[in-house]
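Open the model in your viewer and follow along. Each stop gives a selection and says what is there.

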Amino acid sequence: MAENEVIKEQNDQPDELADALDDLFNGVSTMIKSELQGSNNLLELLEKMNLKVAEEYTSYGDVASGLRVFVEQLKHKSGSFEGYVQQIDAIDQQVTEFEAVISMLDKYVSMLEKKVQSAYQIPPA
């Protein structure tokens, strides 16, 4: 009967080992499933973020296209003002030259005034 008890004890040990290994594999399996689910959740979040960013860039593209058209219109309008700008520059140059001539005339008139005063002996005012 002692022999039967030893066999029974040997049969009990493998069952405990099998249960422990089964628990271990179940735990590892649950852990891996959780990790994979977490990674899957992160990938879904990343996909949603990418879609949102793509929408934003699409709207930026629309704005950029509108700005490009606006800039082209401004270039066209500024081209029509080029003649006026050249005329303004020419007038500015003429005004500068007139100022120089006026300054010279003012000095000449002052000199003539002094000569006339000295010729007629008029005391300066």
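Start with the aromatic rings: the count is 2 aromatic pairs. Rings of Phe, Tyr and Trp (its six-membered ring) pair if their centres lie within 6.5 Å; planes under 30 degrees apart count as stacked, over 60 as edge-to-face, and the rest as tilted.

Select Tyr57 and Tyr60. Their ring centres are 6.0 Å apart and their planes meet at 75°, so this pair is edge-to-face. Both sit in helix 1 (residues 2-120), 3 residues apart, so about one helical turn separates them. Tyr57 is exposed, at 57% relative accessibility. Buried means under 20% relative accessible area, exposed over 50%, and partly exposed in between (1.4 Å probe, protein chains only).

Now select Phe81 and Tyr84. Here the ring centres lie 6.4 Å apart with planes at 50°, so the pair is tilted. Phe81 and Tyr84 are also 3 residues apart in helix 1, about one turn of the helix.

A word on the source. This is a predicted model: local features need pLDDT of at least 70, side-chain atom pairs count only at pLDDT 80 or more, and totals for chains, interfaces and linings use all residues. Residues are numbered from 1 along each chain as its sequence is written, and side-chain values use heavy atoms, with hydrogens and water left out.

Zoom out to the whole chain. Its secondary structure is 1 helix and 0 strands. Helices (H or I, at least four residues) and strands (E, at least two) are DSSP runs, numbered from the N terminus. How much of the chain is buried? Of its 125 residues, 0% are buried. The chain exposes about 11,700 Å², and carbon and sulfur atoms supply 62% of that. Such areas come from the Shrake-Rupley method with a 1.4 Å probe.

Next, select Leu17, Leu21, Leu24, Phe25, Val28, Met31, Ile32 and Leu36. They form a nonpolar surface patch with about 780 Å² of accessible area together. Patch residues have over 30% relative accessible area and no salt bridge; like charges are joined within 9 Å, nonpolar side chains (Val, Leu, Ile, Met, Phe, Trp, Tyr) within 5 Å. A salt bridge is a side-chain nitrogen of Lys or Arg within 4 Å of a carboxyl oxygen of Asp or Glu. Ile32 is in helix 1 and is partly exposed, at 44%.

Last stop: select Asp15, Glu16, Asp19, Asp22 and Asp23. These residues gather in a negatively charged surface patch. Asp23 lies in helix 1 and is exposed, at 55% relative accessibility.

Technical notes:
Lys and Arg count as positive and Asp and Glu as negative; His and the chain ends are not counted. The place of a charge is taken as NZ of Lys, CZ of Arg, CG of Asp or CD of Glu.
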